[in-house]
Structures are given as C-alpha cells and as structure tokens.
Amino acid sequence: MKNRIALITGATSGIGRATAHKFAKHNIDLVICGRRLDRLQTIKKALEKEVNVQILNFDVRNKKEAISAINSLPEAFSDIDILINNAGNAHGLDPIHTGDLEDWDAMMDINVKGLLYVSKAVIPGMTARQAGHIINIGSSAGKEVYPNGNVYCGSKHAVLAITEGMRIDLNPFGIKVGAINPGLVETEFSQVRFKGDAKAEQVYKGFNALQADDIADIIYFTISRPAHVNIADMLIFPTAQASSTIIKKD
Ligand code: NDP
Ligand code: 8X3
C-alpha cells in the first residue's frame, strides 16, 4: 500500500521536527518545511532511511514563495494527505503599551497569515480528492490570555477561530480539521521569544515541562484514529501546569 504523505511546517526544530521523526517511524512520507536549509538537509538524511522525504525551504511569511514552493512539489509528493500547520513562535513578552511593532508583525504574519498561505496551497488537492487531515498547532495561549502575552495570545486565538472555520467549510468534503494546543513545551520557543537572552533558560526550570516528543505522540495519535473519528481540539499541559500562569515549581 502507498504511504500517506504529510507536509509539516516548522520541521527544523521542536514539535515539528519531533513529529517528522514520529511519522517516519510509522511509514508516512514527508514534506519537511522551514527556513534553515542545513537543518532540513540533516533531517532528510536521517529520515530517508525510513521513508521518502522532500524538502521545501521557504519563509511562511512570503505568500508567493510559500504557495509556489508547495505547487512545485514533484508528483510523488503532491497529494498531501496530512497537513501539520506548526511553524510559529512568540516574539517578545512585553506589555501592550511597550510592545515592538516588528514582533507584532512577526507573530501575526507567521502564526496566522503563514498558516493561511500554506493551507491555501494545500487545501485544493484535499477538496479535489475529498480527503485529508489538517492539524493546526494552537496553544494554551489560544484559550486564555496571560500578562504580556497580548499579541501572541491573539495570534493563537486566531488560529483556533480559523481552525473552526476550516472544519465548518471543509466538512462537505470529508476533510478532518483539528487543533492541538500545548502548554509549556521545552523547545527553541523561548530562545526565539527572548531573542537569545538567558531568561529563556529559566522558563522550563523547576518543573517537568512537556517535551516535543510528547506532542509528537499526540499528533500521531490524532492522525491514526479511524476514518470516522476527528479529534477537533485538544489542550495538553505538563502535570505541573494548571493554567498559563499557575505552575507548580520545586
Ligand atoms: P521552535 O522554535 O522549536 O520551532 C519553531 C519552528 O517554526 C521552527 O522549525 C522554525 O523553522 C519554524 N518557523 C518559525 N518562523 C518561521 C517562518 N517565518 N517561516 C517558516 N518556518 C518558520 O518552537 P516549537 O516547536 O515550540 O513551536 C512549534 C509550534 O508550537 C509553534 O506554532 C508554537 O507557537 C507552538 N507552541 C509551542 C509551545 C511551547 O511551549 N514550545 C506551546 C504551545 C504552542 P525555521 O526557523 O527553520 O524557519
Ligand atoms: C506557548 C505556551 O505559555 O509560552 O504557546 O504561551 S506559552
């Protein structure tokens, strides 16, 4: 039987990279996306022992690049069965009155508009085949707003609204759509948010944070349910976390 094909954005790090490894173990062919080409090449090299792997090197902020990269996929990879819209980050953690415009642009352009551009390129194949599964990586920040989270939380609330909209509009085509919403996961996320500042190291100290593999397991669980089961929305916290701001630390 032909392997399913998954396109994963943000596959160079954290949750996306762990998901690529998990899918490869389960014989899912991969289209791995990201801006850091060297990392994509290393991951491809490791995973192509198990499955077929295609690299797409583009910035999701660039509408033309994103759409033309996906439209240029060779035939063997062009029928995307599973789309994991994962690329995204927080940029900064500032009160609304001192927030940085560049950070705001980055979060809205990557987390929201980038997800839309990629989806725009992938969905027509799914509607034509009347099949497919889209998972958007939201966040606990899409369910509650925390101090100084303002625009990042806004971007993730938007991801959840868009997820619902996609599920409604794609319902006639039999396409599954859902969101996976993690709490604190120890990835490069905080290094990006704090732009390399040592503060990033403190974020996951003193408790057992989720690891990228924990979320990859859940993403694989979600895409391996029977055809009639769609996991529409899931919130996952580390045991030590009760909400965005309540974390039991040692
Ligand atoms: P990482 O920083 O480890 O990974 C982010 C990924 O997104 C990288 O592969 C990066 O690739 C990609 N990316 C970022 N900007 C762009 C861009 N402009 N164009 C293309 N790709 C881009 O963080 P995580 O793995 O933690 O984050 C993955 C997702 O999970 C994000 O949507 C994040 O918001 C969400 N999330 C994370 C949580 C956490 O606590 N870590 C909790 C809840 C949700 P490259 O730089 O090579 O382009
Ligand atoms: C990432 C989790 O709490 O840092 O979305 O916003 S948080």
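A polar contact is a pair of N or O atoms within 3.5 Å. By that rule, an oxygen atom of ligand 1 and a polar backbone atom of Val185 make such a contact, at 2.9 Å. The model is predicted.

- Ligand 1 has 30 residues around it.
- Those that come nearest are Thr12, Ser13, Arg35, Tyr152 and Thr187.

- The backbone takes part through Gly10, where a polar atom is 3.0 Å from an oxygen atom of ligand 1.

**Ligand 2: surroundings**
- The shell of ligand 2 holds Ser139, Ala141, Tyr146, Tyr152, Gly183, Leu184, Phe189 and Arg193.
- By class, that shell has five nonpolar residues, two polar ones and one charged one.
- Tyr152 belongs to the ligand 2 shell and is also listed among the residues that come nearest to ligand 1.

- Ser139 has a side-chain N or O atom 2.5 Å from an oxygen atom of ligand 2.
- Tyr146 places a polar side-chain atom 2.6 Å from a ligand 2 oxygen.
- Tyr152 does likewise, with a polar side-chain atom 2.6 Å from an oxygen atom of ligand 2.
- Ligand 2 taken alone exposes 240 Å², of which the protein buries 88%.

**Cysteines**
- The disulfide count is zero.
- Cys33 counts as buried because its relative accessibility is 1%, and the cut-off for buried is under 20%.
- Cys153 has a relative accessible area of 0%, so Cys153 is buried as well.

Definitions and conventions:
Residues are numbered from 1 along each chain as its sequence is written. Chains are lettered from A and ligands numbered from 1 in the order in which they are written. This is a predicted model: local features need pLDDT of at least 70, side-chain atom pairs count only at pLDDT 80 or more; totals for chains, interfaces and linings use all residues. Side-chain values use heavy atoms; hydrogens and water are left out. A residue is near a molecule or strand if one of its heavy atoms lies within 4 Å of it. A polar contact is a pair of N or O atoms within 3.5 Å; within protein, one must be able to donate a hydrogen and the other to accept it, and residues adjacent in sequence count only if both atoms are side-chain atoms. Accessible areas come from the Shrake-Rupley method with a 1.4 Å probe; for residues, only the protein chains shown count as cover. Ala, Val, Leu, Ile, Met, Phe, Trp, Tyr, Cys and Pro count as nonpolar, Asp, Glu, Lys and Arg as charged, and the others, Gly among them, as polar. A disulfide is a pair of cysteine sulfur atoms within 2.5 Å. Buried means under 20% relative accessible area, exposed over 50%, partly exposed in between (1.4 Å probe, protein chains only).
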